Amino acid sequence: MHPLFADRPAAGRALAGQLAVYAGRDDVVVLALPRGGVPVAFEVARRLGTGLDVFPVRKLGAPGHAELAMGALAGGGTLVRNDQVIYNLGIGEETIAEVVAAERRELARREDAYRLGRDALDVTGRVVLLIDDGMATGATMYAAVDAVRQRGPAQVVVAVPVASEQACRQMRFVADGVLCLRTPSTFFSVGQYYADFSQTTDDEVRELLRRAVTAG
């Protein structure tokens with residue numbers, strides 16, 4: 001299969017081209033789902049001239065099927081469960097609780113590691129562009145939308161370079177706007193649509209956030 005994007009920055013530049021309506025507005029902020037969403041969102045924020053921040057969300061990987069989301073966890077205690085996956089795999093409540101506890105710890109670690117003492121950007125009354133490198137089931141993004149809404153934004157717009165048709169369609173029920181650049185009819189994983197889908201590191205996330213603050 002021929003990749004759709006060379007890498008995450010290339011995908012971000014393509015995404016920014018379709019978000020030009022938000023350029024130069026002081027009521028718009030870009031929030032990235034780390035880690036993979038940060039290089040994408042950095043390019044969007046740079047081209048639109050908006051602020052950039054991270055919004056840590058953790059996928060709850062199904063035991064034995066790490067890439068399959070049985071739910072997702074976001075800041076503020078937001079927990080989204082994919083009951084169909086849980087039922088199909090026969091995952092017990094004790095196992096779910098163990099995964100949730102581990103991911104809560106990782107969520108807190110990332111929050112501290114990425115911001116380095118900086119306060120989160122205020123999204124009250126603003127248009128939030130919520131960005132990741134792609135959506136497979138949409139569980140992680142769904143949790144992010146729910147958690148961001150608790151912070152009082154004017155609108156929440158989900159934007160991703162690539163997504164499954166189902167995830168993109170379902171996201172329209174929870175977000176104020178949805179932009180999925182590509183929705184391939186056959187979808188197995190986000191990574192298959194990138195020529196370079198190497199893991200984004202914590203150091204890269206911190207560097208991109210530092211550059212965004214400096215540019216601002």
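Predicted model: local features only at pLDDT ≥ 70, side-chain atom pairs only at ≥ 80, totals over all residues.
Residues are numbered from 1 along each chain as its sequence is written, and side-chain values use heavy atoms, with hydrogens and water left out.

The protein chain contains 7 helices and 8 strands, taken as DSSP runs numbered from the N terminus (helices: H or I, at least four residues; strands: E, at least two). Its radius of gyration, taken over C-alpha atoms, is 16 Å, close to the 17 Å that the globule rule gives for 216 residues, so the chain is as compact as a globular protein of that length. That rule is 2.2 Å times the number of residues to the power 0.38. The C-alpha trace spans about 50 × 40 × 35 Å along its principal axes. Of the 216 residues, 52% are buried, meaning under 20% relative accessible area with a 1.4 Å probe and protein chains only. Among contacts (heavy atoms within 4.5 Å) with a separation of 6 or more, 68% join residues 24 or more positions apart.

Helix 4 has 23 residues and reaches 33 Å from its first C-alpha to its last, close to the 33 Å expected at 1.5 Å a residue; the expected span is 1.5 Å times one less than the number of residues. Its buried residues include Ile96, Val99, Val100, Glu103, Glu106, Leu107, Arg110 and Tyr114. An α-helix has 3.6 residues a turn, so residues three or four places apart point the same way. Leucine 116, with a positive phi near 50 degrees, follows helix 4.

Arginine 35 lies in the loop between strand 1 (28-32) and helix 2 (37-48). Arginine 35 is buried, with a relative accessible area of 18%. Not counting residues up to four places away in sequence, arginine 35 touches Arg110, Tyr114, Gln199, Thr200, Thr201, Asp202 and Val205. Arginine 35 and arginine 110 are 75 residues apart in sequence, and 9.3 Å apart C-alpha to C-alpha.

The largest pocket holds about 1500 Å³ of space. Of the 50 residues that line this pocket, Lys59, Glu67, Ala69, Ala136 and Thr140 are the closest to its centre. Elements that give two or more residues to the lining include strand 4 (65-74), helix 4 (93-115) and helix 5 (139-149). A pocket is an open set of points on a 1 Å grid over the protein atoms alone, where a 1.4 Å probe fits, with protein on both sides within 12 Å along at least five of seven lines; lining residues have an atom within 4 Å of a point. Grid points are joined across faces, edges and corners, and the volume is the space filled by probe spheres set on the points.

Key:
Buried < 20%, exposed > 50% of the residue type's maximum accessible area, 1.4 Å probe, protein only.
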